[in-house]
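Here are some notes for a colleague who is meeting this structure for the first time.

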Amino acid sequence: MLSDLTVLSRMLRGQPRAERLQDRLEGFYRPQARDYDRFREKLLHGRQELLTSLVVPAGGTVVELGGGTGRNLEYFGPRLATFADVTIVDLCPSLLTQARARCARQGWENVRCVEADAALFRPPQPVDCVYLSYSLSMIPDWFLAVDNALAMLKPGGLLGVVDFYVARRDPPPQCQPQGGLTRHFWPWWFAHDGVFPSPDHLPYLLTRTLPVALSECRGSVPYLPGITAPYYRFIGRKPGAGPEVRRSGSPEVSWRGVGALSQRP
Ligand SMILES: C[S@@+](CC[C@H](N)C(=O)[O-])C[C@H]1O[C@@H](n2cnc3c(N)ncnc32)[C@H](O)[C@@H]1O
C-alpha cells in the first residue's frame with residue numbers, strides 16, 4: 001500500500017513538462033521505478049497472454065520496444081533460455097537500471113538492455129519477434145515505431161502489441177465499436193501521464209501486417225472499483241515470407257483460438 005502511494009502520487013502529478021521525451025519519461029518514472037512492477041501488475045493487463053502466445057523458435061531473436069523493467073520477459077518462462085538473443089529497448093534510464101538488475105538476478109545471459117528510442121533503434125540482424133507492451137501509446141511518433149518494428153523483423157516474423165486503446169467511431173470490420181463515453185474519457189484520463197490511447201493504432205497494425213490474433217478486452221484500474229479501461233492484444237506477421245493468402249486484413253484466428261496459433265511462415 002505504501003509503495004502504491006509513491007506510484008499514485010507520481011501518476012496524479014502527471015508526466016513532468018520537459019522538451020525532450022527522455023527527460024519527461026525519466027522525471028515520471030524515476031520516483032516510482034522500484035515500485036513500478038508491483039503497481040503495474042494491477043493495471044497493465046494481457047501481457048502474460050500476449051507473451052505466452054508469441055511463437056518464437058528455439059535459437060530465435062526477440063526485441064521488446066519500450067521494455068521498461070524487463071518484467072515481461074519472465075512471462076516467457078523456460079522458453080527464454082532457448083532464445084539466442086533478447087533485447088530490451090527503452091529510453092528511460094531508471095527503468096533500464098531495474099531491467100539490468102533483473103537480468104543479473106535471474107542470470108539471463110542472453111538478454112541485453114539498450115537505451116534507445118523505439119522509433120529509431122535497429123538490431124544488427126533482422127529478428128524473429130518484436131513486441132510492444134503498453135509502450136506504443138507513449139511513443140509520440142508511433143507510426144515510425146510500428147514501421148521500425150516491421151523493418152527489423154525477418155519476413156514472416158511476428159509483431160505483438162498489447163496496449164490501451166479506444167475505437168474509431170466507425171471501426172474497421174475486424175474491430176469492436178465502443179460508446180462515445182469510452183472513446184472520449186480514456187484519452188482524456190491517460191493524457192495526464194503521457195499515455196495516448198489511439199483509435200488508429202489497431203487499424204494501422206491490421207493494415208501493415210498479416211493479422212494472426214486479436215482480442216479486445218477491458219481491464220480493472222487500481223483503486224477505481226467497477227471502472228475498466230479498454231485494451232487490446234494483437235499479433236501480426238510481417239508479410240513477405242511466402243504465399244500470403246490473407247491479404248484482406250482479417251485475423252487467421254481469433255484469440256479464443258490462439259491455442260491453435262499456427263507456426264505458418
Ligand atoms: C507503460 S511502460 C511499459 C513498460 C513495459 N513494456 C511493461 O509492460 O511493463 C512504457 C514504457 O515505454 C517506454 N518508452 C516510451 N517512449 C519510448 C520511446 N520513444 N522509446 C523507447 N521507450 C519508450 C517508457 O520509458 C516505459 O518504459
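1. A residue is called buried if 20 or more other C-beta atoms lie within 10 Å of its own, exposed if 12 or fewer do, and partly exposed in between, with C-beta atoms placed from the backbone. By that rule, buried residues make up 38% of the 265 residues in the protein.

2. The model is a predicted one, in which local features need a pLDDT of at least 70 and side-chain atom pairs count only at pLDDT 80 or more, while totals for chains, interfaces and linings use all residues. Residues are numbered from 1 along each chain as its sequence is written.

3. The pLDDT, which is the predictor's confidence in each residue from 0 to 100, averages 90 over the protein, and 91% of the residues score at least 70. Over residues 257–265, however, the pLDDT is below 50, and this stretch has 14 contacts in the model beyond near neighbours in sequence; two residues are in contact if their C-beta atoms, placed from the backbone, lie within 7 Å.

4. The protein has eight helices and seven strands, where helices (H or I, at least four residues) and strands (E, at least two) are DSSP runs numbered from the N terminus. Of the contacts with a separation of 6 or more, 75% are between residues 24 or more positions apart.

5. Around the ligand there are 23 residues, of which Gly-66, Gly-68, Cys-92, Ser-133 and Ser-135 come nearest; a residue is near a molecule if its C-beta atom, placed from the backbone, lies within 6 Å of it. The elements that give two or more residues to this shell are helix H2 (21–29) and strand E2 (85–90).

6. Where is Ser-135 placed? Its place is in the loop between strand E4 (127–133) and helix H6 (142–152), and Ser-135 counts as buried because it has 23 C-beta neighbours inside 10 Å. Leaving aside neighbours within four places in sequence, Ser-135 is in contact with Leu-65, Gly-66 and Ala-118.

7. Most residues other than glycine have a negative phi. Tyr-134, in the loop between E4 and H6, has a positive phi near 55 degrees, and Tyr-223, in the loop between strand E6 (210–220) and strand E7 (228–237), has a positive phi near 70 degrees. Tyr-134 is buried, with 21 other C-beta atoms within 10 Å, whereas Tyr-223 counts as exposed, with 10 C-beta neighbours inside 10 Å.
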